[in-house]
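Grab a pencil and work through these exercises with the structure open next to you. Try each task before you read its solution.

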Amino acid sequence: MSTPETSRFVRLRVELVLEVDDADAVTKSALRRIADEADMPAAERAHAEGAVTEDTAEALAYLVDPFDLVSQVPGIELQQASWSSERIDYEPDSPDWDLDEDDGDGSDG
């Protein structure tokens, strides 16, 4: 009997819903992070500053780094990451927000 080959690659999906209590603090933090990036071209810097100033969700996306989430996990190397943020209507009592619900993708999670 042969053992089926398994991939060494794992897709980890994480969904977070965050409540922003102080949008100004989030924006200021994102602007500080942009200012600290010495190698960022001026045009990219101006675009990033505008985006995080206009939209708290963009500021938050600028501050959250998937590498930070897994950098201390032994035995792995982050190969690719993508993330986005958006403003949502959140109703925690709605069945649409049941995080324990099986999404039918067959993953163990």
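**Exercise 1. Which residues make up the largest nonpolar core, and which elements give two or more residues to it?**

Step 1: A nonpolar core is a set of buried Ala, Val, Leu, Ile, Met, Phe, Trp, Tyr and Cys residues joined through side-chain atoms within 4.5 Å. Buried means under 20% relative accessible area, exposed means over 50%, and partly exposed is in between (1.4 Å probe, protein chains only).

Step 2: list the members. The largest nonpolar core has eight residues: Val26, Ala30, Ile34, Met40, Ala48, Val52, Ala59 and Leu63.

Step 3: sort them by element. Two or more residues come from each of α1 (23–36), α2 (42–54) and α3 (56–63). The largest share, three residues, is from α1. Helices here are DSSP runs (H or I, at least four residues), as strands are (E, at least two), numbered from the N terminus.

Before going on, a word on the ground rules: this is a predicted model, where local features need pLDDT of at least 70, side-chain atom pairs count only at pLDDT 80 or more, and totals for chains, interfaces and linings use all residues. Residues are numbered from 1 along each chain as its sequence is written, and side-chain values use heavy atoms, with hydrogens and water left out.

Step 4: zoom in on one member. Skipping neighbours within four places in sequence, Met40 is in contact (heavy atoms within 4.5 Å) with Ile34, Arg45 and Tyr62.

**Exercise 2. Which residues of α1 are buried, and what covers them?**

Step 1: check the helix length. With 14 residues, α1 reaches 20 Å from its first C-alpha to its last, close to the 20 Å expected at 1.5 Å a residue. That expected span is 1.5 Å times one less than the number of residues.

Step 2: pick out the buried residues. In α1 these are Val26, Thr27, Ala30 and Ile34. They sit on the same side of α1 because they cover an arc of only 95° around the axis, taken from the directions from the helix axis to the C-beta atoms.

Step 3: recall the helix geometry. An α-helix has 3.6 residues a turn, so residues three or four places apart point the same way.

Step 4: look at both faces. The cover over the buried residues of α1 includes α2 and α3. Turned away from that buried side is a face with the exposed residues Arg32, Ala35 and Asp36.

**Exercise 3. How many salt bridges are there, and which side chains meet in them?**

Step 1: apply the cut-off. A salt bridge needs a side-chain nitrogen of Lys or Arg within 4 Å of a carboxyl oxygen of Asp or Glu, and the count comes to two.

Step 2: take the pair in α1. Lys28 and Asp24 meet at 3.1 Å, N to O. They are about one helical turn apart, because four residues separate them in α1.

Step 3: take the other pair. Arg87 and Asp55 meet at 3.6 Å, N to O. This pair links distant parts of the chain, 32 residues apart: Arg87 is in the segment after α4 (66–70), and Asp55 is in the loop between α2 and α3.

Step 4: compare accessibility. Arg87 counts as exposed at 63%, while Asp55 is partly exposed at 24%.

**Exercise 4. Is Thr56 buried or exposed, and what is it in contact with?**

Step 1: Thr56 lies in helix α3. Its relative accessibility is 11%, so Thr56 counts as buried.

Step 2: leaving aside neighbours within four places in sequence, Thr56 is in contact with Val20, Ala23, Val26, Thr27 and Arg87.
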